[in-house]
Amino acid sequence: MGKRDPVAILGAMKSTATPKKPTKKSAKPRAATGPATGLDAAQASSTIDTLWDREILPTITEYIRIPNKSPHFDAKWQENGHMKRAADLIEGWCRARKLPGLKVERVQLPGRTPVLFMELAGQGTDTVLLYGHMDKQPEMVGWRKGLGPWEPVREGDRLYGRGGADDGYASFASLAALEVLATQKVPHARCVVLIEGCEESGSYDLPFYIDHLEKRIGSPSLVVCLDSGCGDYERLWSTTSLRGLLGGDLVVEILREGVHSGDAGGIVPDTLRIARTVLSRLEDEKTGAILPKRLHARIPQERIAGAKACAKILGKRNYARFPWVDGAHPQSAEPAELLLNRTWRPALAITGAEGLPAIKDAGNVLRPRTVLRLALRLPPTIDGNDAAKHVKELLEKNPPCGASVRFENASGTAGWNAPKLEPWLEGAVDRASRAFFGKPAASMGEGGTIPFMGMLGRKFPRAQFVITGVLGPESNAHGPNEFLHVPTAKRLTGCVASVLAEHFVR
Ligand SMILES: [Zn+2]
C-alpha cells in the first residue's frame with residue numbers, strides 16, 4: 001500500500017489503513033459504577049471493526065463520489081438526481097441490515113428533499129430519535145493535489161472526500177450501533193432514525209416532515225445527533241451549544257453600468273467602500289466584534305466555566321488546528337476567550353461576492369455594483385428571525401450618497417443551548433467514552449449550526465440530547481480536504497450503542 005491508497009479496494013484490504021483496535025484498557029467493559037446493561041464493550045468493538053471495514057467504509061466511499069449538494073448549492077438538484085442516488089445508496093445499505101423488525105422508508109413530500117425514516121421497535125414505550133443528514137456542502141477550492149470533493153482517498157486513519165464526515169457516516173453509525181445491541185441482545189427503547197436531505201441549506205424542508213411524521217416520531221426522551229464536532233480524536237465529545245446563523249446578501253448599487261474609473265473616481269463613490277461603510281455599523285473592523293447589543297446574549301456561568309475547562313484540555317490545539325499562513329495568529333491570545341468567541345459570541349464572515357471581476361479581467365472600471373454574501377454566526381439563544389430583521393434595518397438605513405443598499409435573501413436560523421444533562425446521561429456519556437476511547441468524556445460548545453436541534457429543543461423541551469460527531473481537528477467540513485477520521489467514527493458507534501443501552505435501564 002502506498003501512503004495514499006485509492007479506497008476502491010478498501011473493502012478487500014486489511015493493512016496499515018486499518019485503524020488500531022482500542023487498547024486493552026479501552027476495550028474493557030465499562031466501569032463498575034454504571035448500571036448493568038449487558039453490553040460487552042470488547043465484543044462490541046470487534047463487531048464494529050468488522051462492520052465498518054467490510055460494509056460501511058466501502059459504502060461511504062461510494063457515497064463520497066456522489067455530488068449530492070444541498071439544494072442551496074444545486075438549484076437543479078431534482079433534475080440532476082444526485083440526491084436520489086445518495087438516498088438510494090444509504091437506503092439500500094440500511095435495508096440490508098440484520099436488524100429484525102427494522103422499517104426503512106423513504107418519505108418525499110412534493111417538491112421537497114427526501115427524508116429517510118427508519119423505525120426499530122424496542123422494549124417499553126420510550127423513544128430515542130437518532131438524527132443525521134445526507135446532503136452535502138459544495139466543492140470549495142483548495143483541495144490538496146490528489147484529493148478532491150468527489151474523489152474518495154484513504155490515507156491512514158483518514159478517509160478524504162466531501163460529505164463522509166459531514167454527515168454521511170451518521171446513518172451508518174446509527175444503524176451499526178443498533179446492530180451491536182441486537183447482536184448482543186441488549187435491550188433498548190424504540191428507536192427512530194431520521195436522515196434529512198436539506199441540512200446544509202438550513203433544514204427548510206424539515207419542519208414539514210416533522211409535522212408529517214409527528215405521530216410516528218412520538219415523543220423522544222433522548223435525541224442522538226451525530227452531525228457535530230469533537231475537540232480531538234481521543235475521547236467522546238458532547239456539544240453543549242450550537243450557534244445560530246444569519247445569512248443574506250448585501251447588495252450595493254450606484255450606477256446603471258460601469259464607467260471609466262479615471263473619469264468617475266472622486267465623483268462616483270465605489271460600491272465596495274459603501275459596503276464597507278455600512279458593514280462597519282455591524283462589525284468593528286479592527287477587532288471583529290459585532291457591535292449591536294441585541295446580537296449578543298448573556299453567556300451562562302456554566303458555559304463560561306465549560307469554556308475554561310475545555311481550554312485546559314485543548315490549549316493551543318484549539319486554534320493551532322487551523323491552516324494558518326506563516327506569522328498569522330488568532331484574534332485573542334486567551335484560549336478560553338477564543339472558545340467563547342467561537343461558541344457564544346456573534347461573528348461575521350463574507351463567504352462570497354458578485355460584481356467583482358476576476359483579477360485577469362479587471363479593467364480600470366468603476367464598477368456599478370457589489371454584492372457580498374454575509375454569514376453572521378449568532379449566539380445560541382438569539383432569535384434568528386429577529387436578528388435578520390434588525391441587521392436588515394441596520395444595513396439599509398441612510399445609504400451613503402443615496403446609493404441603493406439592500407440586504408436580500410436574509411434568513412435567520414436559531415442556535416441551541418443544551419438542557420442540563422440528567423445525572424444518568426452524564427454518567428452514561430462518560431462511561432461510554434471510557435469504554436470505547438479509554439478516556440473520560442469532554443464537552444464543549446460548537447460554533448456551527450444544526451437547525452434541527454433548535455427545532456427539537458422547542459418541540460420536545462423535556463428531551464435529553466447527545467450531540468456529538470467526528471468533525472475534529474483538520475477534518476475541515478465545508479472546506480477543502482474534508483476527511484472522516486475512521487477510528488473515531490468506529491469508537492463513536494460503540495459509544496452510541498452504550499448510551500442507548502444505558503438509556504433503557506436508567
Ligand atoms: Zn452537517
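In what follows, buried means under 20% relative accessible area, exposed means over 50%, and partly exposed lies in between, with a 1.4 Å probe and protein chains only. By that cut-off Tyr131 and Phe452 are both buried, and I will come back to them.

First, the ground rules. This is a predicted model, in which local features need pLDDT of at least 70 and side-chain atom pairs count only at pLDDT 80 or more, while totals for chains, interfaces and linings use all residues. Residues are numbered from 1 along each chain as its sequence is written, and side-chain values use heavy atoms, with hydrogens and water left out.

Now the metal. Donors are N, O and S atoms within 2.8 Å of the metal, or 3.2 Å for Na, K and Ca; water is not among the atoms, so sites may look incomplete. Here the zinc ion is coordinated by NE2 of His133, an OD atom of Asp166 and two OD entries from Asp227, at 1.8 to 2.7 Å. Along the chain these donors have the spacing H-x32-D-x60-D. His133 is in strand β4 (residues 127–133) and Asp166 is in helix α5 (residues 164–183), so this pair ties together parts 33 residues apart in sequence. Helices (H or I, at least four residues) and strands (E, at least two) are DSSP runs, numbered from the N terminus. His133 and Asp166 are both buried.

Back to the rings. Rings of Phe, Tyr and Trp (its six-membered ring) pair if their centres lie within 6.5 Å; planes under 30 degrees apart are stacked, over 60 edge-to-face, and the rest tilted. Searching the whole structure gives six aromatic pairs. One of them is Tyr131 with Phe452, tilted, at 4.7 Å centre to centre and 40 degrees between the planes. Because Tyr131 lies in strand β4 and Phe452 in helix α15 (residues 451–459), the pair ties together parts that are 321 residues apart in sequence. Tyr160, Tyr233 and Phe483 make up one aromatic cluster.

Last, strand β9 (residues 237–242). Six of its six residues are buried. Strands pair if DSSP finds at least two bridges between them. β9 runs parallel to strand β17 (residues 442–446), with four bridges, and Thr239 has Met444 in β17 as its bridge partner. With strand β16 (residues 416–417), β9 pairs in the antiparallel sense over two bridges; there the bridge partner of Ser241 is Asn417.
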